[in-house]
Amino acid sequence: MHFFDEIKSYVGFTDDDAARLKALGPLVEPRFSEVVVAFYDALMAHPRARGVFVGPEQIDRLRASLKVWLGELFEGRYDDAYFAHRQHIGRVHVNVGLLPQFMFGAMNLIRHGFLEILSDQQARLEDDPVILGLRHAVTSVDRILDIELTIMVQSYWDSLMKQKLEIPAALATGLAHEVRNPLNAIGLQMTLLERRLRSSEVDEGVYGQVLEAVRAELRRIQGLNSEILDFAKPVDIHTGPADVAEIFYEIRRNHELTLEAGGVQMDIEVDGDPVMVCDRDRLMQVFINLMTNAVEAMPEGGHIRVEVVQNESGLRVEFGDSGPGMSPAMKYRIFDLFYTSKASGTGIGLAIARKIVEAHGGSIDVLSRPGEGTTFTVYLPYPRRDAEDEVER
């Protein structure tokens, strides 16, 4: 499920709440200024919160922005464009250095301000056939503010996760650059050594196996080095129309021998039209990684279930296996760079997979419990031409 849809589902936000908030708009809008004044008075009374602001001109701009933000709460439209704009606002809060602990108190100030306004309007609320009284009005306002707070807090989490990846990625990239030249030199010297041994008419049986073993390890290190350097680069997406379900059918055909050898059955279910604009090769890279991990997690054989579901905003791909599952601690680290539970793993594959999915504007999540298998859910939204315009609005 897409993050925004998941939030709305979790707090119980429905179309009735959307209609109710739109009906509340004309009743609460005349008193937005009161909420704005109370909000900034409370922030300015706290030394650390006050320290975020750089002058009265900035505060005046922020007061105006908050008034616009309050109005958008009651527009009645809570779609992907709304979510994108709210994400942008959350990133702005992170970038200006507002500490996350103030976010909860700030939202509470707005919540209390609206509660006071709604209480004063109680008689009108009871007579409105859409709002259906004070209790329903308060519930709808609480739900939209809970959604707003979740998006804001998620912005801090996203920033933390980005920093968490940037540090090992920067170290690994620097090391990879330093290692690349010595690796190339070793490969060259290996070739020269082999030529000299041959020219000296040394029996190839004496050195051939040793040289091949060294070359194999050299190729492995060079491959890892290339993966690290690839991870550090921005993901380059070349989009075109593609049938996402057909990607899985092709993977199953191409890896039929691997699946049979591992005793793994792979079933594919499709609901709706799975054609969308995407980078087919990059998505295939993601799904092959998921398949490889699933096969390796089931050495005694098992079952892979792929479900591709179309909805109004994009595609949801569920990729589940019947393997041993993961512990909670492992589940929360599975996308970390260099984290792996496999002796021969590099811990790069899933980190790159997430970068590819996010480059498509999507998300990837995992649900797993010990003994109950693992399911990766990939959400791929339909491209929105006006997304950037909405974000900058």
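This is a predicted model: local features need pLDDT of at least 70, side-chain atom pairs count only at pLDDT 80 or more; totals for chains, interfaces and linings use all residues.
1. Contacts of Arg 20. Leaving aside residues up to four places away in sequence, Arg 20 touches Val 130, Ile 131, Leu 132, His 136, Ala 137 and Ser 140. Arg 20 itself sits in helix α2, which covers residues 15–28. Look at the numbers of the partners: they run from Val 130 to Ser 140.

2. Is Arg 20 buried or exposed? Arg 20 counts as buried, because its relative accessibility is 7% and the cut-off for buried is under 20%. One polar atom of the Arg 20 side chain lies 3.1 Å from the backbone oxygen of Ile 131. Find that pair in the structure. Ile 131 is also among the residues that Arg 20 touches.

3. Leu 132, a partner with a positive phi. Leu 132 is one of the residues touched by Arg 20. Leu 132 lies in the loop between α8 (122–127) and α9 (134–199). Its phi is near 65 degrees, which is a positive value in a residue other than glycine. Leu 132 is partly exposed, with a relative accessible area of 45%.

4. Glu 201, another positive phi. Which loop holds Glu 201? Glu 201 lies in the loop between α9 and α10, and α10 spans 204–232. Glu 201 is not a glycine, yet its phi is positive, at about 60 degrees. Glu 201 is exposed: its relative accessible area is 72%, and the cut-off for exposed is over 50%.

5. Leu 175 on helix α9. Leu 175 belongs to helix α9. This leucine is exposed, with a relative accessible area of 56%. Along the chain, Leu 175 and Ile 228 are 53 residues apart.

6. Helices α3 and α5. Now turn to α3, α5 and α7, taken in pairs. Helix α3 covers residues 32–44, and helix α5 covers residues 56–73. The two pack at an angle of about 130 degrees, and their axes are 10 Å apart. That angle makes α3 oblique to α5. Their crossing is right-handed.

7. Residues between α3 and α5. From α3 come Phe 32, Ser 33, Val 35, Val 36, Val 37, Phe 39, Tyr 40 and Met 44. They meet Ile 59, Leu 62, Arg 63, Leu 66, Lys 67, Leu 70 and Gly 71 of α5. By class, this contact of α3 with α5 holds eleven nonpolar, two polar and two charged residues.

8. Helices α3 and α7. At what angle do α3 and α7 pack? The angle is about 145 degrees, with the axes 10 Å apart. Helix α3 passes α7 in a right-handed crossing. On the α3 side, the contact is made by Phe 32, Val 35, Phe 39 and Ala 42. On the α7 side, the residues are Ala 106, Leu 109, Ile 110, Gly 113, Phe 114 and Ile 117. The classes in the contact of α3 with α7 are nine nonpolar, one polar and no charged.

9. Helices α5 and α7. Helix α7 spans residues 101–120. It packs with α5 at an angle of about 60 degrees, and the axes are 13 Å apart. That makes α5 oblique to α7. The crossing of α5 past α7 is right-handed. Leu 66, Trp 69, Leu 70 and Leu 73 of α5 meet Met 107, Ile 110 and Phe 114 of α7. This contact of α5 with α7 has seven nonpolar residues, no polar and no charged.

10. His 112 on α7. His 112 lies in helix α7. How exposed is His 112? His 112 is partly exposed, with a relative accessible area of 49%. His 112 and Val 35 are 77 residues apart in sequence. From C-alpha to C-alpha, they are 8.9 Å apart in space. Val 35 is one of the α3 residues in the contact with α7.

11. The whole chain. Finally, step back. The protein chain has 16 helices and seven strands. Of its 393 residues, 40% are buried. Take the contacts between residues at least 6 apart in sequence. Among these, 75% join residues at least 24 apart.

Key. Residues are numbered from 1 along each chain as its sequence is written. Side-chain values use heavy atoms; hydrogens and water are left out. Axes are lines fitted to C-alpha atoms, for helices over the stretch in contact, and angles run from 0 to 180 degrees between N-to-C directions. Helices (H or I, at least four residues) and strands (E, at least two) are DSSP runs, numbered from the N terminus. Angles under 35 degrees count as roughly parallel, over 145 as roughly antiparallel, 65 to 115 as roughly perpendicular and the rest as oblique. A crossing is left-handed if the near helix is turned anticlockwise from the far one by less than a right angle, and right-handed if clockwise. Contact means heavy atoms within 4.5 Å. Ala, Val, Leu, Ile, Met, Phe, Trp, Tyr, Cys and Pro count as nonpolar, Asp, Glu, Lys and Arg as charged, and the others, Gly among them, as polar. Buried means under 20% relative accessible area, exposed over 50%, partly exposed in between (1.4 Å probe, protein chains only). A polar contact is a pair of N or O atoms within 3.5 Å; within protein, one must be able to donate a hydrogen and the other to accept it, and residues adjacent in sequence count only if both atoms are side-chain atoms.
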